[in-house]
Amino acid sequence: MPSSVAVQLPPVSERSYPAPGFEEEPAPLGEPPIPPVVTGPHSFSAEQTTADGVRSAVAWSPCRPIHYVTDLTGAPEGFMAQLQAVVAEVSAATGLWFVDDGLSVEAAYIDRSPFMPERYGDRWAPVLIRFADENDVALLAGDVAGVANPTHATDPTTGRAHLITGAVYLDLEVLNAELATGASPVYVEVLRHELGHLVGLGHVDDPSQAMHPSTGGVTAFQPGDLAGLAALGRGACAPGL
């Protein structure tokens with residue numbers, strides 16, 4: 001990747017990365033909420049130590065929106081409304097902005113390419129959200145109900161890693177199992193958990209939190225989850241990506 005945003009880039013057909021700075025603003029687009037006073041455990045999927053010795057989570061740039069597309073293959077009626085509601089929860093808890101780029105038909109790959117200019121133009125590919133099964137994504141085998149696969153890259157201008165795209169796959173068996181827990185379909189709990197992973201949260205041992213490996217019955221982000229999400233919304237800008 002080029003060492004400066006001022007470097008003249010090769011043609012897009014010769015690159016494995018987009019022109020840097022797509023939609024990047026000089027300051028965060030939103031503001032994360034103040035973490036709850038009464039909190040709980042949270043963790044991050046990946047962390048890094050910056051040049052000044054500070055340990056921090058690998059997060060999305062808050063200075064550009066997170067784009068996502070949805071493949072409705074195998075999805076139940078009403079899925080888009082449920083997805084938009086959970087995305088709104090994550091946005092409110094982080095201050096990150098999300099942009100729905102509409103529908104796409106794209107196969108489910110765990111090693112999905114982060115840059116697909118022939119499909120999405122000269123930018124990082126939007127996040128893909130869809131249902132799949134273990135034949136598509138081997139990690140969905142057994143009792144795994146969902147998988148999130150965020151992808152990160154290092155900003156060459158700062159040396160800091162950032163999340164740039166990813167995918168969220170929900171197991172079709174979740175849909176074919178019991179259809180509702182309370183007022184929401186079962187897959188909504190799984191979707192909330194996996195979107196937490198998408199923005200950088202890791203697992204915790206506390207079963208009362210949405211980021212416990214088994215989400216059963218946790219129908220909203222809890223204080224520990226919210227504290228982690230608020231921290232992830234305070235990441236650095238990524239002008240070189």
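Helix H4 is followed by Gly200, whose phi is positive, near 120°; helices here are DSSP runs of H or I with at least four residues, strands are runs of E with at least two, and both are numbered from the N terminus. The model is a predicted one, in which local features need pLDDT of at least 70 and side-chain atom pairs count only at pLDDT 80 or more, whereas totals for chains, interfaces and linings use all residues. Residues are numbered from 1 along each chain as its sequence is written, and side-chain values use heavy atoms, with hydrogens and water left out.

H4 has 13 residues and reaches 19 Å from its first C-alpha to its last, which is close to the 18 Å expected at 1.5 Å a residue, the expected span being 1.5 Å times one less than the number of residues. The helix is mostly covered, with twelve of its 13 residues buried, where buried means under 20% relative accessible area, exposed over 50% and partly exposed in between, for a 1.4 Å probe and protein chains only. Among the buried residues of H4 are Tyr187, Arg192, His193 and Glu194.

The structure holds three aromatic pairs, a pair being two rings of Phe, Tyr or Trp (its six-membered ring) with centres within 6.5 Å, counted as stacked when the planes are under 30 degrees apart, edge-to-face when over 60 and tilted otherwise. Phe79 and Phe131 form an edge-to-face pair, at 5.2 Å centre to centre and with 65° between the planes. Because Phe79 lies in helix H1 (residues 79–94) and Phe131 in strand E6 (residues 127–132), this pair ties together parts that are 52 residues apart in sequence. Phe79 and Tyr187 form a tilted pair, at 5.6 Å centre to centre and with 55° between the planes; as Phe79 lies in H1 and Tyr187 in H4, the pair ties together parts that are 108 residues apart in sequence. Phe79, Phe131 and Tyr187 form one aromatic cluster, and both Phe79 and Phe131 are buried, as is Tyr187.

About 390 Å³ of space lies in the largest pocket. A pocket is an open set of points on a 1 Å grid over the protein atoms alone, where a 1.4 Å probe fits and protein lies on both sides within 12 Å along at least five of seven lines; lining residues have an atom within 4 Å of a point. Of the 21 lining residues, the closest to the pocket centre are Ala145, Gly146, His193, Glu194 and Pro213. H4 gives the most to this lining, with six residues.

Conventions. Grid points are joined across faces, edges and corners, and a volume is the space filled by probe spheres set on the points.
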